[in-house]
Amino acid sequence: MVFELTSAEKVKMADEHYAVIKKFLEQSSGIVLGEGKQYLVKNRLSELVLKSGATSFAELVGLLQSDSFAAKRIKNAVIDAMTTNETFWFRDETQFMELKEKILPQLLKSKGLVKIWSAACSTGQEPYSISICAEALAKMGLSGNVQIVGTDISETVLADARNAVYSEMVVARGLESAAKANYFRVLPGGGYQLCPEIVRRVKFQQFNLLDSYVGLGRFDIIFCRNVLIYFSAEMKRDILQRMAGALEVGGYLFLSSTESMLTNVTEFESVRGGRVRYFKKVS
Ligand SMILES: C[S@@+](CC[C@H](N)C(=O)[O-])C[C@H]1O[C@@H](n2cnc3c(N)ncnc32)[C@H](O)[C@@H]1O
């Protein structure tokens, strides 16, 4: 049997092209590709090479090294294609239980206004899960406001997040049927629209974690989950320290349950609440 190669499979990528793409990704987004990830890059970028009108990785690499306006669009598309946007509702559920049952009630009582940053929020399930917790507390009569900022490097995922319409399959990942019934409206053409009471607390903004945090403001809680795993230890330390700078003293940082704090980052102490571990800014 003779297998025909698709056009994308025919696009050739030399080792020197891979080296340029690897360096570009690390410098522009912090993402470190391990050795031998050529297949991943080729898989994810071959379609892009063809769609951009180029016929080879050499042309794409030329654009990555240029400062032209056309190159900016391609650079964003490469970052988009190479980032992993996996997310779902109430991911690491015990963290949301701790937030709803302990942290938010305390902070709402002591401060009235609680500011939360969902850094690297992908298509919005993380900040909206936080907002669902805040809505449940508001319904129980807790006064005060919760403001949430969701940021991501990718405008594509942010467009989906702002749209707040999800497919049945996406809604099913992590949401109980009660939450689905309470907080979504089924659209006539298909899809689930998240209700305005949940959406209104969340503002989305394009933001690269490598950039300066000065203009972002200060927060009581930061969620930075499942993104630092793609960065070098040095970059991770730098980001954790700058996040400490963006947190109020006594504020909290959530990493994912499989991520750990670096020992040379001294601004946080570890907090254990039952099955959940998170970090408190102490200095
Ligand atoms: C795996 S998702 C995590 C989503 C969510 N935090 C969660 O845990 O479910 C990682 C997200 O990080 C974003 N990302 C990668 N590099 C970034 C950077 N330098 N600045 C901001 N966001 C970045 C990606 O676009 C992607 O949406």
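**Ligand shell, domains and sheet of a predicted model**

The ligand is surrounded by 24 residues, the closest of which are Thr87, Ala120, Ser122, Ile153 and Leu209, where a residue is near a molecule or strand if its C-beta atom, placed from the backbone, lies within 6 Å of it. The structure is a predicted model, in which local features need pLDDT of at least 70 and side-chain atom pairs count only at pLDDT 80 or more, whereas totals for chains, interfaces and linings use all residues. Residues are numbered from 1 along each chain as its sequence is written. By class, the shell around the ligand comprises eight nonpolar, eleven polar and five charged residues (Ala, Val, Leu, Ile, Met, Phe, Trp, Tyr, Cys and Pro count as nonpolar, Asp, Glu, Lys and Arg as charged, and the others, Gly among them, as polar).

The chain is divided into domain 1 (7-82) and domain 2 (93-281), with bounds that come from an automatic or database domain assignment. The C-alpha centres of domain 1 and domain 2 lie 31 Å apart, and the contact between them takes seven residues from domain 1 and eleven residues from domain 2, two residues being in contact if their C-beta atoms, placed from the backbone, lie within 7 Å. On the side of domain 1 that touches domain 2, the largest share, three residues, comes from helix 5 (residues 69-82); by class, this side has three nonpolar, three polar and one charged residues. Helices (H or I, at least four residues) and strands (E, at least two) are DSSP runs, numbered from the N terminus. Each of domain 1 and domain 2 also supplies at least three residues to the shell around the ligand.

An open sheet is formed by seven strands in the order 6-2-1-7-8-10-9, with mixed pairing; two strands pair if DSSP finds at least two bridges between them. Strand 6 (202-206) and strand 9 (268-273) stand at the edges with a single partner strand each, so one side of each is left without a neighbour in the sheet. From one strand to the next, the twist averages 25°, with axes given by lines fitted to C-alpha atoms, for helices over the stretch in contact, and angles running from 0 to 180 degrees between N-to-C directions. Strand 9 and strand 10 (residues 276-281) pair in the antiparallel sense over six bridges, and Gly273 has Val276 in strand 10 as its bridge partner. Helix 6 (residues 93-111) lies across several strands, among them strand 1 (113-119), to which helix 6 runs at about 145°.

Most residues other than glycine have a negative phi. Ala120, although not a glycine, has a positive phi of about 60°, and is found in the loop between strand 1 and helix 7. Ala120 counts as buried because 24 C-beta neighbours lie inside 10 Å (buried requires 20 or more other C-beta atoms within 10 Å of the residue's own, exposed 12 or fewer, and partly exposed lies in between, with C-beta atoms placed from the backbone). Asn226, likewise with a positive phi, near 60°, is placed in the loop between strand 7 and helix 12 (233-246) and, with 21 such neighbours inside 10 Å, also counts as buried.

Glu126 is located in helix 7 (residues 125-139) and counts as buried, with 29 C-beta neighbours inside 10 Å. Apart from its neighbours within four places in sequence, Glu126 is in contact with Thr87, Arg91, Ser118, Cys121, Phe223 and Arg225.
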